[in-house]
Amino acid sequence: MFNKILIANRGEIACRVIRTAKKMGIATVAVYSDADAQAQHVQQADEAIYIGESPAAQSYLQIERIIQAALDTGAEAIHPGYGFLSENDQFANACQKNNIVFIGPPVDAILAMGLKATSKSLMEKAGVPLTPGYHGTNQDPDFLKQQADAIGYPVLIKASAGGGGKGMRLVDRGEDFLSHLASCKSEARSSFGNDDVLVERYVVQPRHIEVQVFGDTHGNYVHLFERDCSVQRRHQKVLEEAPAPQMAEPKLEAMRQAAIDAARAVDYVGAGTVEFIVEQDGTAYFMEMNTRLQVEHPVTEMITGQDLVEWQLRVAFGEPLPKQQHELSIHGHALEARVYAEEPEKGFLPAIGKIHYLHYPQQNEHVRVDSGIVEGDEITTFYDPMIAKLIVWAKNREAALTQMHHALSQFHLDGL
């Protein structure tokens with residue numbers, strides 16, 4: 001097993017990775033910016049290296065500095081967490097060139113799944129069901145409008161390189177298509193440096209269900225069941241649960257199998273999430289694959305009893321998957337609530353400032369808090385304003401909801 005790893009991230013995910021590394025006897029190296037000099041991940045790691053000023057572009061997105069930090073400290077592998085460089089093929093390549101293990105999928109898999117249009121073409125070949133739409137390379141506005149007219153309104157225009165809810169436009173009428181297309185392309189260009197789009201039928205009242213998959217370097221693949229992430233605001237998840245409630249077992253099994261087919265189609269290694277948009281009748285369409293650990297991975301850990309970060313480390317080291325499919329099963333129901341510093345009256349914009357008082361609910365086998373924030377910390381404009389993730393487990397969904405209500409009532413915060 002690795003002796004030392006560097007975590008190219010911050011906040012709760014960095015603390016989360018450190019927790020598992022400590023359990024496995026692996027030394028950890030944190031990286032930090034000016035704003036994070038006193039942060040929890042810096043204090044919890046065995047070593048910490050300064051990598052730049054507070055804006056992420058000058059610190060956590062600085063590939064060369066992070067690689068140099070790994071080389072200087074003798075870290076054999078880098079865990080990218082999520083966000084920042086976690087799905088960046090250039091970063092994965094830089095690790096490879098410097099003989100550092102990237103704790104994530106091969107570069108080819110990141111590239112294949114990084115662009116929505118490319119991934120959809122691949123999935124179509126693999127027999128994974130797709131939302132009716134146009135996923136081709138012809139970007140002529142009039143041609144795209146013809147495709148939208150043929151699909152039938154409402155349609156969704158999506159940036160091929162998009163994510164996080166950016167570069168998406170809902171079009172209800174044909175006469176509005178070209179203006180929405182121009183605005184979507186403009187946002188995609190400024191956000192992702194790529195203005196290619198795809199056009200899909202808009203699924204009315206959909207559910208967002210994703211399947212956790214894992215592959216290893218020995219050709220083994222498993223799924224660790226699914227999560228329902230339908231409760232969202234501006235395409236950002238707010239509440240997640242596992243397993244997906246009120247879904248017929250045959251439909252779930254079809255989705256799980258499609259997710260494994262998707263992973264196999266790109267020779268996937270490590271943790272990945274295959275996301276589906278699901279009709280009210282349970283018909284599922286492939287949406288995208290996230291080639292990293294997800295923010296909501298704890299609900300999967302709670303229902304399976306598996307440590308997914310440990311799985312990531314073992315697979316990255318070259319070991320086979322810790323469990324085969326028949327050894328995995330669902331126990332109970334889990335929910336995750338993301339607790340954010342936001343101002344509802346200002347359209348949920350981040351609320352910045354110092355946290356004067358912070359009391360987390362008591363943790364036990366039913367209640368878990370993942371956070372990198374403690375009392376006295378400051379929420380800044382530089383990073384995501386998430387304070388913590390509150391995860392609960394109970395024997396069934398109803399009991400889990402009761403548990404979540406109770407845990408939230410014990411979560412006290414003042415300041416900002």
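Me: Which elements do the buried residues of α6 pack against?

Reply: They sit against α5 (107–114), β7 (155–159), β9 (197–201), α9 (249–265) and β14 (284–290). Contact here means heavy atoms within 4.5 Å. Bear in mind that this is a predicted model: local features need pLDDT of at least 70, side-chain atom pairs count only at pLDDT 80 or more, and totals for chains, interfaces and linings use all residues. Residues are numbered from 1 along each chain as its sequence is written, and side-chain values use heavy atoms, leaving out hydrogens and water.

Me: And what puts the buried residues of α6 on the same side?

Reply: The buried ones are Lys-116, Ala-117, Ser-119, Lys-120 and Met-123. They cover an arc of only 160 degrees around the axis, so they lie on the same side of α6. That arc is taken from the directions running from the helix axis to the C-beta atoms.

Me: Why is Arg-19 called partly exposed?

Reply: Its relative accessibility is 41%. Buried means under 20% relative accessible area and exposed over 50%, with partly exposed in between (1.4 Å probe, protein chains only), so at 41% Arg-19 counts as partly exposed.

Me: Where is Arg-19, and what does it touch?

Reply: Arg-19 belongs to helix α1; helices (H or I, at least four residues) and strands (E, at least two) are DSSP runs, numbered from the N terminus. Leaving aside neighbours within four places in sequence, Arg-19 is in contact with Arg-368 and Asp-370.

Me: What makes a set of residues a nonpolar core, and how many residues has the largest?

Reply: Members must be buried Ala, Val, Leu, Ile, Met, Phe, Trp, Tyr or Cys, joined through side-chain atoms within 4.5 Å. The largest such core has 31 residues, and Ile-5, Phe-214, Val-222, Leu-224, Trp-311 and Leu-313 have the most contacts inside it. β1 (4–7), α1 (11–23), β11 (221–233) and α11 (308–316) each give two or more residues to this core.

Me: How do you know that β12 and β15 pair?

Reply: Two strands pair if DSSP finds at least two bridges between them. β12 (residues 236–242) and β15 (residues 333–340) have four bridges, in the antiparallel sense, so by that rule they pair. Glu-241 stands opposite Leu-335 in β15.

Me: Why are β14 and β19 said to stand at the edges?

Reply: The open sheet has eight strands in the order β14-β13-β10-β11-β12-β15-β21-β19, with antiparallel pairing. β14 and β19 (367–371) each have a single partner strand, so one side of each has no neighbour in the sheet.
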